[in-house]
Amino acid sequence: LSLDKLPIKRLDSIEENGNERFPLDVDYDEKRVSLIRRIDFAWAIWQWQGMVENLQLAHQELSVIIDFINTVETNDAVTVASMTRPKSLPNEALSDLAVSAATKLQCYRQVGKYFKQSAKAFEQQVAREARFYGALIRLQQNWKVKRQRGNEGFTFDLFDNSYDQGRSSSMSTVRVNHDAAGMLAINVSPELCHSLQFGFVSETGIESSSDEECVKKTHSLLRDVHQAIFNEQVFDLVNREAFNTSTGFTLTGIRENYLQLSLGQGTSVYLSLVSTGQSNSTCYEIYIQQIYHEHIFGRGSEKGSYLLSHFFMSLAHRIFSTKILAELENVVFKVPYLQLISNPTWHSRGSSWTLFMEVPPSILRGKRQFWTKVVVIDDCISVKAEGSPNVSGLFKGKSEDTHSINKYDCNLADLPVIILQQVASQIINWLYHEALMVGIKANRDFLCLSFELEQGETLGLVANVDPKDSDGCISWSLVMEDSEVQKLHTNRKFLGPLSLELLYATLIDLIAFVS
């Protein structure tokens, strides 16, 4: 294959008008000479011969230069018309080409390395921006994001203008920053975040490893800041209402971010703003926040002047109802067949409980249930009992009044006794109807079931109630009474506390004895 026959046209230059210029065609002889020059014959020539030739050429060139310098020094007007460069040897030309190609290759490698570094840096920058804006878009679904003028970045706007009378908070605007990894970051001092703390005076009470965790952490921090702003507004409203004339409390102490109020009867409370994470008595804090919501966002502003009065009356009721619950739990603990159920009232100043008793089934009748309900409104207690005899009906002798629902008003001290009396009377009523079902005539009063014997004597089952009795609050006795002229003889046998099953068995024995 002859390489000379192949058309080789290299572009010499391109003119400004776009015309391309190619080098002139070289004849065959010149091509041969050019190709021969590319062949390195240096390996076949004695190494010293080449050095001698080079030295001779260098000597000739040096002689010419020295002559030229001498000529110029003698005559400054001498002008060099032209100077031909000596032809280089084939090995020199090849060496020059090799050096040029190596230089260009090194430049290309450096350019490639630069492009690789630039692409990697750009890829990292794109990844950082994607993480930042991805997190910002997710947080924007729940929080108001504002873009600053120029290139100052973004901020979260947490200001709530629903309540414009509160003091402005320095945390309403939170600046958004980039961290070293490009992740969204916010910096909020924990000392600026406050939460409500409620209590009784002289009474004791990791770095994110993923984008998901980082967004959750930022969302939680923004929620804490928003809650802190809300708590400041609540405290500001309470602070102003404390100086108005209200019932139910008295302002007794005040200092920065702290209020102390008296509820009467030796009870004092305080409300303060503290750093986040130091709060207690959560139920009261939630309730005062709920009242604030109703006042600002809900049922109208006409209740605003009674906010603190309503709150502290609710608090006094909560304290009072706690004492009532303790008394009821003590009664249920000592009377094993009683169960206590709490009833929702959906009102902050009302509470309700039901004491539930289930009697065992008899042969002729199904299971029967009795209940006693305790309702407390503010500091007023009412007891309502089902299935117990009506005292006034017993005295009047009206049978239709003996099955009504009784209702009594009482105080805290009398509550255990009244509860026990109602439960005992319900048991008497149950036993009375069981006796009637088997055809035995019986009499009853509030706490006694009695049977008349043939000799005019009376045999009775009597209930005794004592809230302080550690063995049982309800105990039973058998009483035998016989009548003489102006004289009453009584024989009593104490049975002690009995279960409902034993009471029913005792009734059966009494019926057998009477009949």
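**Helix packing and sheets**

Student: At what angle do the axes of helix α8 (residues 415-437) and helix α9 (residues 500-514) cross?
Tutor: The two axes cross at roughly 40° and come within 11 Å. That makes α8 oblique to α9, given that angles under 35 degrees count as roughly parallel, over 145 as roughly antiparallel, 65 to 115 as roughly perpendicular and the rest as oblique. The axes are lines fitted to C-alpha atoms, for helices over the stretch in contact, with angles from 0 to 180 degrees between N-to-C directions.

Student: What sort of model is this, and how are residues numbered?
Tutor: It is a predicted model, in which local features need pLDDT of at least 70, side-chain atom pairs count only at pLDDT 80 or more, and totals for chains, interfaces and linings use all residues. Residues are numbered from 1 along each chain as its sequence is written, and side-chain values use heavy atoms, with hydrogens and water left out.

Student: What is the mean pLDDT of the chain?
Tutor: The mean is 77, and 74% of the residues reach 70 or more; pLDDT is the predictor's confidence in each residue, from 0 to 100. Residues 204-208 have pLDDT below 50, and beyond near neighbours in sequence this stretch has five contacts in the model. Residues 393-397 are also below 50, with seven such contacts. Contact means heavy atoms within 4.5 Å.

Student: Back to the helices: which residues of α8 and α9 meet?
Tutor: Ile 427, Trp 430, Leu 431, Glu 434 and Ala 435 of α8 meet Leu 500, Leu 503, Tyr 504, Leu 507 and Ile 511 of α9. By class, this contact has nine nonpolar residues, no polar ones and one charged. Ala, Val, Leu, Ile, Met, Phe, Trp, Tyr, Cys and Pro count as nonpolar, Asp, Glu, Lys and Arg as charged, and the others, Gly among them, as polar.

Student: Where do α3 and α4 lie in the chain, and at what angle do they cross?
Tutor: Helix α3 spans residues 90-140 and helix α4 residues 211-241; their axes come within 10 Å and cross at roughly 45°. That makes α3 oblique to α4.

Student: Now the sheets. What is the strand order of the open sheet of four strands?
Tutor: The order is β3-β4-β5-β6, with antiparallel pairing. Its edge strands are β3 (144-147) and β6 (184-186), each pairing on one side only. From one strand to the next, the twist averages 35°. Helix α3 packs on this sheet, touching β3, β4, β5 (173-178) and β6, and its direction makes about 20° with that of β4. Helix α4 lies across β4, β5 and β6, at about 30° to β6. Helices (H or I, at least four residues) and strands (E, at least two) are DSSP runs, numbered from the N terminus, and two strands pair if DSSP finds at least two bridges between them.

Student: Which strands stand at the edges of the sheet of five strands?
Tutor: That open sheet has the order β11-β12-β13-β14-β15 with antiparallel pairing. β11 and β15 (406-410) stand at the edges, each with a single partner strand, so one side of each is left without a neighbour in the sheet. Neighbouring strands are turned by 20° against each other on average, direction ignored. Helix α8 packs on this sheet, touching β11, β12, β13, β14 and β15, and its direction makes about 160° with that of β13.

Student: How many residues lie between β11 and β12 in their hairpin?
Tutor: There are six residues between them, and Trp 346 in the turn has a positive phi of about 60°. Six bridges join β11 (residues 338-343) to β12 (residues 350-359), and the two strands run antiparallel. Leu 338 stands opposite Met 357 in β12.
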